[in-house]
Amino acid sequence: MSGASAPTSRSLAEIVFAILLIAGAAAVIFTASGYPGESATYPVVIGAALAGLGCWVLVREVLRRLQGHATPGSFAEHAPRLAIGLVALVLYVLAVSLVGFILPSVALGVLLPASVGFRRWGLSFVVAVISVVSILLIFVLALERPIPPDILSPLGRLFR
């Protein structure tokens with residue numbers, strides 16, 4: 001018995017991820033198809049793109065497995081960081097429903113990179129703020145699509 005272990009493969013994790021991505025995209029498409037008029041277009045297009053990416057990952061990995069060249073490596077190189085990232089995303093969704101889009105998005109933009117080891121706090125903050133402001137400008141001003149109510153909504157009225 002040698003000390004070397006068998007090489008690991010993340011192939012099964014890739015396949016499960018692809019199936020979940022396709023299922024999630026199908027749910028988005030199904031839900032959005034009930035929206036009135038043109039309001040369904042954007043989520044349906046995003047859902048179709050996600051489904052396409054999921055299909056690509058699924059076909060790629062199945063073909064690799066059939067050829068005997070499954071994707072090597074483990075699913076997560078650093079499981080605690082993956083767990084932190086997943087918890088951060090769940091907390092983000094909960095926070096958006098409680099306080100709105102702006103503050104949780106800036107916090108996620110700063111804290112998520114930090115959870116994977118990026119320690120340039122100033123740069124993370126600037127990028128997060130610019131990203132959130134850009135999203136607000138695109139959706140609220142350019143597309144005239146309101147964001148959900150936010151605790152900072154009174155400040156947004158200053159820009160109208």
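A: Contacts come first. Of the contacts in the chain with a separation of 6 or more, 59% are between residues 24 or more positions apart; a contact means heavy atoms within 4.5 Å.

This is a predicted model, so local features need pLDDT of at least 70 and side-chain atom pairs count only at pLDDT 80 or more, while totals for chains, interfaces and linings use all residues. Residues are numbered from 1 along each chain as its sequence is written, and side-chain values use heavy atoms, with hydrogens and water left out.

The chain has six helices and zero strands. Helices (H or I, at least four residues) and strands (E, at least two) are DSSP runs, numbered from the N terminus. Of the 160 residues, 20% count as buried. Buried means under 20% relative accessible area, exposed over 50%, and partly exposed in between (1.4 Å probe, protein chains only).

Now to helix α2, residues 41-66. W56 sits in this helix. W56 counts as exposed because its relative accessibility is 53%. Together with Y42, I46, L50 and L53, W56 forms a nonpolar surface patch with about 520 Å² of accessible area. Patches take residues with over 30% relative accessible area and no salt bridge; like charges are joined within 9 Å, and nonpolar side chains (Val, Leu, Ile, Met, Phe, Trp, Tyr) within 5 Å. Accessible areas come from the Shrake-Rupley method with a 1.4 Å probe; for residues, only the protein chains shown count as cover.

R60 lies over the face of W56, 4.9 Å from the ring centre. The rule asks for NZ of Lys or CZ of Arg within 6 Å of the ring centre and within 35 degrees of the ring normal.

R60 also forms a salt bridge with E14, with the closest N and O atoms 3.0 Å apart. This pair links distant parts of the chain: R60 is in helix α2, E14 in helix α1, 46 residues apart. A salt bridge is a side-chain nitrogen of Lys or Arg within 4 Å of a carboxyl oxygen of Asp or Glu. R60 is partly exposed at 22% relative accessibility. E14 is buried at 14%.

The structure holds two salt bridges. E61 pairs with R64, the closest N and O atoms being 3.9 Å apart. Both lie in helix α2, three residues apart, about one turn of the helix. E61 is buried at 0%; R64 is partly exposed at 31%.

E61 also touches S11. S11 belongs to helix α1 (residues 11-32) and is buried at 0% relative accessibility.

How values were computed
Lists of a residue's contacts leave out its neighbours within four places in sequence.
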